[in-house]
Structures are given as C-alpha cells and as structure tokens.
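Here's a quick briefing on a predicted model.

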Amino acid sequence: MTAELTTESGPRTPPGNPETRHGRRRRRSGGNGQARAAVLYLAPAGLLLIAVMAYPLYQLVQLSLYEYGQAQASGGAPLEFLGVGNYAKLLGDSRFWMVLINTCGFAAVCVLGSLTVGIALAVLASRVRWLPRTLLFLAALGAWATPAVAGSTVWLFLFDQNFGLVNEVLSGLGWQGMAGFSWTYDRFTAFGLVAGEVVWCSFPFVMVTMYAGIKAIPGEIVEAASLDGASAWRTARSVLLPMLRPLLIIATIQSIIWDFKIFTQIYVMTDGGGIAGQNLVLNVYAYQEAFAGSNYGLGSAIGVVMTGLLLLITGIYLWAQRATGENT
Amino acid sequence: MRFWKLTTAAIAATLLVGCGPPQVDQSDSGADSRTGTLRVWLFDEANRDPKEKVVNAAVEEFEGNHRDVTVEVRYIAVDTRSERFTGAFNDPSSAPDVAEFGNTDLASYVAAGGMSDLTGVIEDWPAATDLSDSVLDTAEVDGKTYGVPWFTGVRALYYRTDVFDELGLEPPRSLGELVETARRIRSERPDMYGIAAGGKYTYAMMPFIWASGGELAERRNGSWRSAVDSEASRRGIRTYTGLLDPAICPPDQCAQLTGTESIQAFAGGKAAMAIGGDFNRTAVDEGAAGDNYDVVPLPGRKTGSIAPAFAGGNLLGVLRSSDHSTLAQEFIKVLAGKKYQRRMYEAMSYLPTFEDVQDRVAADDPAIEPFIETLQAGTRFVPSTPAWSEIDAQEILPTMAQRIATGEKVRPATQRAAQRMNSAFDDR
C-alpha cells in the first residue's frame with residue numbers, strides 16, 4: 001500500500017494519453033523493486049512500531065469514545081458508545097482549563113530554566129580546565145542519574161517545613177521568617193520548588209548535548225571571526241549559535257515533551273497535586289480523574305488531548321525554527 | 001488518491017465504532033467442585049506474622065474437616081489491591097475463590113460483576129444473627145449481601161493525659177467543648193497542635209457531618225445526590241474545618257495532613273488530641289506520647305453524646321468466577337467465625353464484628369472499650385455506589401476541606417464539592 005501511495009502521488013497525468021501511461025507503468029515497475037526493498041528494510045521497525053505505538057494509540061482513541069470504566073472492562077456493565085461525549089465533558093470542565101494553564105506555564109518555566117542552566121554550564125565547561133570540568137560533569141551526571149522519585153524525596157527533605165536544611169540555613173543566616181516556612185503551602189512557591197527539582201534533573205541533558213556541539217565547532221571558524229574583528233558577543237550570536245541550532249532544536253523539543261508530561265515530581269512533592277489541587281498538571285490530573293477512579297474512557301480522552309497538544313506545540317516550534325532559519 | 005483517503009477514513013471509522021473496546025465475558029463457571037485447591041487472597045500487613053498464624057490455624061482446621069482440599073493462601077499488598085482485583089476480574093483463570101477486601105471497595109467490585117451474592121449464606125448461618133447490624137450494612141449493595149464482615153475499625157478521640165492534667169482540662173464531652181479545649185491548649189502550648197486535624201483526613205471529618213445531622217449523600221428515586229451542601233452538613237463541615245486554624249492546627253501545616261500523618265503528629269508529641277482508630281494504638285504506644293494518652297469516644301453535638309463513626313473494616317467474599325463456591329463459603333464461615341475473629345483480635349487487635357465477641361473482648365481489655373462503645377453507639381458508612389471510589393480517587397472532599405481551610409467560604413466550597421459529587425453519581 002505504501003508503494004502504491006507514493007507512486008500515485010506523483011504529478012497527475014491526463015488519462016488516455018498512451019505515451020505517459022506507458023511511461024508511468026514502466027516507472028512504476030522500476031519503482032516497485034525499489035519500493036519492495038524499502039518495505040523489506042522498513043518492515044521490522046514498522047512491525048515493532050505498529051505493535052507498540054499504533055495499536056495502543058488506536059485503543060486509546062477507541063476507549064476515549066466509550067463510557068468505559070472497570071465495570072465495563074470486566075463485563076459487569078454493557079458498553080455505551082458516547083462519541084465525543086468524553087471530550088465534551090472534559091472541555092466543559094473548568095478544572096481542566098485551569099490544569100491546562102498550570103501545565104503550559106509550568107512546562108514553559110521548566111524548559112526555559114533547564115535550557116538556560118544547561119547552556120550556561122556547557123559554555124562554562126568548555127572554558128575551564130580539566131579538573132573543574134570533570135567535577136562539573138560528575139555533579140551533572142549524578143543529578144541526571146538520580147531516579148525521579150528519589151530526587152523528589154530528597155528535595156522534599158531539604159525543604160521540609162520543620163526539619164529541612166534549607167529553612168535552618170536561611171533562618172540561621174538571620175532570615176527569621178524562614179523558620180517553619182512551608183514551601184508547599186503557597187501555589188507559586190510549591191510550583192517553584194518542583195520546577196527547581198525538574199530543572200536540576202533535566203539540565204544535564206541540555207548541558208551534555210550543547211557541550212558536545214560547542215566542542216565540535218572547529219577553532220578556525222572562531223579564529224576567523226575574531227580576525228574579522230567580531231566581538232565575543234557577536235561571535236556567539238552570529239557564528240556559534242547558527243552552528244548549534246540543530247542541537248538546540250533537539251534539546252528544546254526533548255525538554256518540551258519531557259516537561260509537559262511531568263508526573264512523578266508533582267505527584268511526590270505536592271502530595272498528589274497540592275492543597276485543593278492547586279498544583280495539578282495534566283498527567284497527574286488524568287491519573288486522578290481517570291485511572292485512580294477507574295474511569296478509563298475519560299482518561300483516554302485526556303491522553304488523546306495531551307498527545308494532540310504536544311504534537312501541536314512541537315509542530316509550531318519546528319515551523320517557527322524553520323522560518324527563522326531561512327531568514328538568517 | 002481520493003479513493004484511498006476515503007477508504008482509509010472509512011476503515012478507521014469502522015474500526016473505531018464497529019468493534020468496541022475489549023470486554024470480559026463475566027459469567028458463572030457453573031462448576032462447584034468439592035475437592036481440589038481453594039485459592040485465598042488476604043491482605044499483607046506491616047507485621048504479618050500474627051495474622052498468618054491465626055489464618056494457618058483456620059486453614060488447618062478447615063483442611064482437617066474437608067478431605068482432598070488444600071487451601072492456598074496468598075498475601076497481596078493493600079496498595080496494589082486495585083490492580084490485583086482488576087486483574088482477577090479481567091482474567092477469571094487467575095482469580096482467587098475467596099478474597100479479603102475493604103468495605104469501601106465493595107460497591108465498585110460488585111458493579112464490575114466480580115463478587116457473588118452471599119445473602120442466602122448469611123441467612124442460613126445461625127451465628128450471623130450476632131453480627132452487628134451497622135457493620136453488616138457495609139457488606140450490602142442494593143439490598144444484597146456480598147461479603148462477611150471479618151473485622152471492623154472505628155475512630156475515637158485520643159488525648160494526652162499529661163497535658164490535660166497540667167492544664168486542668170477534662171476530655172471534651174461535646175464538639176463545642178472539643179473546639180474550646182483545642183484552642184485553650186494551643187494558647188498555653190504554642191508549639192503543639194490543639195488537635196491534629198488533617199485537611200486530607202476525610203474519615204475524621206465525616207463524624208462531624210453526621211453528628212450535625214448531615215449526610216454525605218442521599219438516595220432519591222434510586223439515584224444518589226450529594227448532601228454535603230445541606231444546612232446540617234455545612235454546620236459539621238464548618239466545625240471541622242474550623243479546627244484548621246492558626247489558633248488550633250495552623251493550615252500551612254495541617255491542610256495537607258492525612259489520617260496517618262495526624263496520628264504520627266500525635267504519637268510524636270506534636271499534638272494534644274487526635275482522631276484515631278483502634279488500629280492506630282500500636283503506632284501511638286510506640287511513640288513519644290505512648291505512656292501518656294487515653295481514648296474517649298468522639299463526642300457529638302449534644303453534651304454526653306457520641307458522634308457516629310465511620311465503620312471501616314474488611315470483608316471476606318467469594319468471587320463470582322470461583323468454581324469452588326460451596327467450599328469457599330464454608331471456609332469464610334470458619335475464618336470469619338466467632339472463634340477466629342476472637343483470635344484475630346488477640347493477634348492483630350482488629351475489632352470483631354460479632355456483638356457478643358465485642359462485649360467479651362471489651363470486658364478483658366479496658367483500652368479497647370471506647371472503641372467498642374463508639375461501635376455500639378451506631379456507625380455510619382459511605383454511599384454504597386461505585387461512584388464513591390471515583391469521588392474518593394478525585395479527592396473531592398479533601399479538596400473542599402482544604403479550600404475552606406485556605407480561606408474560601410463554606411457555602412461555595414460545599415456547593416462546588418456537591419456539584420462534582422453529583423457529576424460522579426450521574427456517570428454511573
């Protein structure tokens with residue numbers, strides 16, 4: 001089917017023209033051999049993708065169209081087709097919109113934070129000697145390798161209201177208001193705390209990627225720029241940045257996808273979404289609304305909406321990048 | 001090209017609409033074998049040894065009375081029970097014959113079509129007449145009984161005898177007195193909570209609602225409606241959330257407390273009072289407050305009355321897919337019978353569900369008396385509908401309490417909670 005589709009999508013030829021018909025047929029038979037080889041090469045990966053991606057996605061979309069809870073799954077109640085009912089219910093729920101805004105804002109802060117910290121440290125690492133660089137990398141890899149649950153719990157210990165090191169140090173330094181300060185009580189300090197943890201465990205990826213990119217830029221280019229009289233800022237902006245752009249795009253997309261799907265940190269650090277659900281993000285919301293309450297239909301609808309949103313955001317970002325890339 | 005697009009769209013649409021999501025055919029196996037292996041699932045415990053000893057004794061007795069029957073007991077973790085039971089309902093071949101489960105989970109298991117009706121078994125079992133009525137109610141859905149109450153648990157008021165003595169206080173005898181006492185303690189002992197009341201401790205809030213004449217939900221014409229926004233319920237909620245106050249239990253510390261954390265605060269000496277269950281006694285005994293506490297029933301509105309407590313507890317039931325249902329029923333009558341309930345109390349200090357057994361253990365152990373008194377004063381239960389698990393999972397009531405504790409007015413907060421509860425009820 002793939003081969004057929006690709007050949008069919010060529011330029012349209014008026015029917016009845018024997019010569020083009022003939023030509024087309026010949027091209028098709030030649031293309032067929034190539035297409036068959038391509039299909040054969042792609043088959044293992046394709047089968048795997050269908051098994052682990054397409055089928056679950058198909059089930060997800062299908063579930064989202066039904067009233068499907070535990071009772072339906074185990075045969076205690078008949079299936080009921082809702083069509084877009086789950087979606088209508090979701091979009092009509094004001095909590096969903098609040099959670100969506102939370103998620104977008106929180107992900108944006110985390111992406112910006114990890115990019116800034118990661119790039120800054122990558123630049124730093126490319127400029128310092130061997131020993132400090134090794135220490136920096138060890139620290140970063142340590143943060144990167146820490147499991148999310150362990151990292152979140154350690155951060156919670158550090159920021160504990162009564163016994164936390166941070167409050168003790170701050171109040172020891174003379175900031176009396178910080179003794180017994182609750183970091184998870186206020187909505188924004190709670191988000192800030194979790195964002196800190198997320199940045200802490202996700203900047204190493206950006207740092208390592210960007211460091212590799214910086215190291216791959218030949219010294220002659222920088223030298224040429226400085227011979228032409230470019231300032232350090234100018235070199236960074238007009239020479240280095242364009243060369244790093246592909247890596248930057250990858251790092252950004254990875255971070256967007258990763259931070260948009262945050263679950264563990266929020267779930268652990270704000271105890272399942274914070275006071276009165278003030279720190280809920282989409283993934284935790286989906287878990288609570290749907291899976292803990294075994295309302296799988298609605299949960300699937302949230303999953304579909306999330307997938308769509310992520311594709312949309314990434315698409316817009318790629319498109320914007322390509323547009324600016326062409327201008328410069 | 002257009003043809004392919006249309007075909008693909010048509011196929012996709014047919015697939016999506018035509019064949020629905022997977023469903024298990026949940027019909028009785030019909031078989032009722034009197035020999036073979038009887039599979040039993042019980043909950044694992046933090047300290048399982050004493051429980052296992054009692055269960056093993058019951059198994060031995062049962063195997064001695066039934067030839068060619070082996071009982072295979074497996075202990076499953078409470079935290080993952082939902083996945084285990086879901087798995088058992090979805091794949092009857094891996095399901096047990098007998099299972100222990102929490103009474104709040106019953107309605108959703110029954111709706112899933114997983115449990116078999118034991119109404120007849122209870123009626124024909126002479127000992128069942130001694131079962132406490134309010135506890136037996138927790139095993140019922142739509143007038144049918146699906147489990148035998150194995151043990152129950154109720155909460156009462158723990159208080160620090162040393163603090164009360166030093167400040168010259170008496171244990172409160174009404175909810176009004178409770179608030180006053182808590183306020184008084186915090187003003188004299190600013191490093192202590194007057195009472196550890198948690199924003200996420202729903203089972204502590206429920207008695208306040210019931211004691212004020214309110215309800216969580218009411219059943220009208222066969223469908224449930226939330227009642228948390230009624231005048232009476234609001235009064236109870238206002239009293240409870242009033243405890244989450246800087247002068248009693250500061251909201252920035254208490255709004256996120258769960259039941260376990262409230263008890264930990266009390267056991268660690270951070271609180272002068274707490275609402276805790278008979279099952280929390282060991283934790284408190286081992287804590288800093290271990291030697292200096294006592295328990296009284298949680299008082300109601302009127303002086304000297306007892307607030308209706310939530311009747312938690314676990315049931316033993318037979319799975320519908322079981323092909324040993326008669327044996328399974330026989331085994332439940334042994335394990336949940338008077339003899340082994342008594343031994344379970346001795347081993348795990350879980351409260352028996354037979355009233356005569358309750359009286360006997362209370363006579364032997366004065367420490368358990370306030371709980372028995374609470375139990376026999378009449379207990380209440382959450383609405384027996386599968387929607388309750390959803391309401392519970394979505395944390396609707398904790399969210400409401402936390403909103404009020406952080407400054408929202410009681411009326412809009414309860415109205416919003418009622419709306420969300422009703423939408424959960426409507427879905428079912």
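Residues are numbered from 1 along each chain as its sequence is written, chains are lettered from A in the order in which they are written, and side-chain values use heavy atoms, leaving out hydrogens and water.

**Between the domains of chain B**
- Contact (heavy atoms within 4.5 Å) links 24 residues of domain 1 with 23 residues of domain 2.
- The two domains bury about 1900 Å² between them, with 60% of it on carbon and sulfur atoms; buried area is the accessible area (1.4 Å probe) that two parts lose on being put together, summed over both.
- On the domain 1 side, Phe371(B), Thr374(B) and Arg380(B) lose the most area to domain 2, together 35% of what that side buries.
- Three salt bridges (a Lys or Arg side-chain nitrogen within 4 Å of an Asp or Glu carboxyl oxygen) cross this interface.
- Asp365(B) and Arg281(B) meet through their side chains in a salt bridge, at 3.6 Å, N to O.
- Of the domain 1 side that touches domain 2, α17(B) gives the largest share, four residues; helices are DSSP runs (H or I, at least four residues), numbered from the N terminus.

**Nonpolar core**
- The largest nonpolar core has 120 residues, and Trp150(B), Ile195(B), Leu216(B), Met273(B) and Phe331(B) touch the most other members.
- Such a core is a set of buried Ala, Val, Leu, Ile, Met, Phe, Trp, Tyr and Cys residues joined through side-chain atoms within 4.5 Å, where buried means under 20% relative accessible area (1.4 Å probe, protein chains only).
- Both domains of chain B put at least three residues each into this core.
- Ile195(B) touches Leu157(B), Leu243(B) and Met273(B), among others.

**Helix α9 of chain B**
- Nine of the 10 residues of α9(B) (202–211) are buried, including Met205(B), Phe208(B) and Trp210(B).
- Gly213(B) follows α9(B) and has a positive phi, near 85°.

**Between chains A and B**
- Here 43 residues of chain A are in contact with 37 residues of chain B.
- The buried area is about 3400 Å², with 51% from carbon and sulfur atoms.
- The count is one salt bridge: Asp271(A) and Lys200(B) meet at 3.8 Å, N to O.

Conventions
Predicted model: local features only at pLDDT ≥ 70, side-chain atom pairs only at ≥ 80, totals over all residues. Buried < 20%, exposed > 50% of the residue type's maximum accessible area, 1.4 Å probe, protein only. Domains from an automatic or database assignment. Helix = DSSP H or I, 4+ residues; strand = E, 2+ residues; numbered from the N terminus. Lists of a residue's contacts leave out its neighbours within four places in sequence.
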